[in-house]
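Q: I have a structure to read and would like to learn how. Please take me through it feature by feature.

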Amino acid sequence: MRTPATRQTYAHLLIAALALAACFWAGGTAQAVGTPAGTTIVCPVTVDYMFGVVPQPTLNASTSFVVDRLVNVTVTKNSDPSAAPSQPNVPMSFRVTNTGNAPQRYALQAVSRATNTWTMNNVRLYRDNNSSGSWDAGDTLYVDAGTFGDLVSDASFTVLIAADTPATVVSGQTAAYDLVATSVDAGTLTVSVQMAGSNTAGVDTVFIDSAGSAVGDAARDGKHSAAGTYTVVTASAVSMNKTMLILDQWGGNLPIPGATLRYTITVTVAGIGTAQNVVVSDPIPANTTFIPATLRLNAALLTDAADADAGDAGGTTPGTMTVQLGNLTSASPAQTITFDVKIN
Amino acid sequence: MKKEGRMRQGILVAVAAMLLVPAAVWAQQKKGGIDIKTVSEVEITQTDAEGKKEVKRIDATTVTVAPGQTVVFTNHFTYSGDKPATDVVIKNPVSEHMIYMDGTAEGKGARVEFSVDKGKTFAAADKLKVKSADGKERRATAADYTNIRWTIEKPLQNGDKGSVSFKARLK
């Protein structure tokens, strides 16, 4: 594709020529999948000749044909999700692209692999309207091929399999699903049919799709599919990080008797599911003494007694800081506990 | 297209003429002594009973033509007249959505030239240059050609027949 010239070094004639060329190609609407079905290709011919020195009128003729319809669809998997037991609406994301040269719509099906030892419950299909990759209330539930409308050539949408994980599964178990997209004629619920043999002067239909992952999804059958796997993850990983800052009474950082040690414990949760009743217990180091009224959770001061607030200093377990963080998930902000002790 | 009966065809042509609509896939004109007929065809390789492969050209309207397909455009001409026709020049644009395939323009007794400026100027393939977006001049490639011109080198005499053709790929 040429673009109109901008350099001054271009001759005016050439600029005009290139501009014309740009107009010429603009009609082509450069699509990766090719000339749209139904386009009439016209090739005119002109003949000029002379009798001796006398030019004769230009002769014109032309030939034309109509571009046939290539049906091609490509399904790709975007994610292999982790699923916690009893987790609802676990999304598995796919992309469905119209790689043919005419608008199409698609009948979609989530197919559980025959080798699966367990299956997800309440399996539904949604169009991921905000391309978030996760299931949202705003996503459109698939009913039939008409639900998501027509896709023009080169266009695609993200499809989510949303399903609920059974309660009985254990960590490490997997279940594979194929998303199968079957080409359906635009504006209808009629599955596209390839014209066998009988070519017409009009638009014929030819399947050129590849074989997909699903059983029975052959090449050139108007379907395509891709597979994803749900993997059960039950354990949330709780991680803790502890740092210490020394503040001596002379304004320095020397660990001398009388210096204050400020401990900071940061708790985060990764993985799927909920870490329930997280409790942090930290013994006060030997040869140090807790400085009263310095226990803080996320910067908020906690009383030292074992009472209604989340933490205590030696109240639950003598000589130990105890902070109850409750239920945490990977979405929870990092929990920060600080307390000060003095070197004896 | 199915063959129509002669009567029916006559009526169709008459109706088409009344409506000022081109009557057929290819048009034919008889004027000044040259008959020009142009066709678009697809080459299909067939294997006969003896296992011999044969390339047949079939009208593009009767076979599947989808993106990627190669189409052969052929201009057939016949001349009839008392005096010779000189300076016979046949010109085709490379149609929109088509890409000319290098080295396919041919015609017996014809000089082939190409245009990269929509037919304003023509030159032999090795003389054509285009400027790319960065302003550098480069030799034109087949994909740059916008028009093809055949110049019949000898005057056409009464009864002379010939054809010129090229191949292009549907984008």
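Q: Why is A:L301 classed as partly exposed?

A: The idea is to count surroundings: a residue is buried if 20 or more other C-beta atoms lie within 10 Å of its own, exposed if 12 or fewer, and partly exposed in between, with C-beta atoms placed from the backbone. A:L301 has 13 other C-beta atoms within 10 Å, so it is partly exposed.

Q: What kind of model is this, and how are residues and chains labelled?

A: It is a predicted model, in which local features need pLDDT of at least 70, side-chain atom pairs count only at pLDDT 80 or more, and totals for chains, interfaces and linings use all residues. Residues are numbered from 1 along each chain as its sequence is written, while chains are lettered from A and ligands numbered from 1 in the order in which they are written.

Q: Which strand holds A:L301, and which residues does A:L301 touch?

A: Helices (H or I, at least four residues) and strands (E, at least two) are DSSP runs, numbered from the N terminus. A:L301 belongs to strand β20 of chain A, residues 300–301. Two residues are in contact if their C-beta atoms, placed from the backbone, lie within 7 Å. Leaving out residues up to four places away in sequence, A:L301 touches A:A293 and A:R296. From A:L301 to A:F339 the C-alpha to C-alpha distance is 9.7 Å, and the two are 38 residues apart in sequence.

Q: How many helices and strands does each chain have?

A: Chain A comes to one helix and 23 strands. Chain B has one helix and twelve strands, and the helix stands at the start of the order, read from the N terminus. Of the 344 residues of chain A, 31% count as buried; for the 171 residues of chain B, the share is 32%.

Q: What share of the contacts joins residues at least 24 apart in chain A?

A: Taking contacts in chain A between residues at least 6 apart in sequence, 68% join residues at least 24 apart. In chain B, residues 24 or more positions apart account for 70% of the contacts with a separation of 6 or more.

Q: What is the order of the open sheet of four strands?

A: In chain A, that order is β6-β14-β12-β8, with mixed pairing. Strands β6 (82–83) and β8 (104–112) of chain A are the edges. β6(A) runs parallel to β14 (residues 223–232), joined by two bridges, and A:S82 stands opposite A:T231.

Q: Which residues touch the most other members of the largest nonpolar core?

A: A nonpolar core is a set of buried Ala, Val, Leu, Ile, Met, Phe, Trp, Tyr and Cys residues joined through C-beta atoms within 7 Å. The largest has 35 residues, and A:I161, A:L179 and A:A181 touch the most other members. Its largest share, six residues, comes from β12(A). Beyond four places in sequence, the contacts of A:L179 include A:V75, A:F94 and A:I161. Another core, of 28 residues, lies apart from it, with A:A37, B:V94, B:Y100 and B:F114 among them.

Q: Where does pLDDT stay under 50 in chain B?

A: pLDDT is the predictor's confidence in each residue, from 0 to 100. Where it is low, the predicted coordinates should not be read in detail. In chain B, pLDDT stays under 50 over residues 1–31. The mean pLDDT of chain B is 82, and 81% of its residues reach 70 or more. For the complex, the predictor gives an ipTM of 0.76 and a pTM of 0.63.

Key. Two strands pair if DSSP finds at least two bridges between them.
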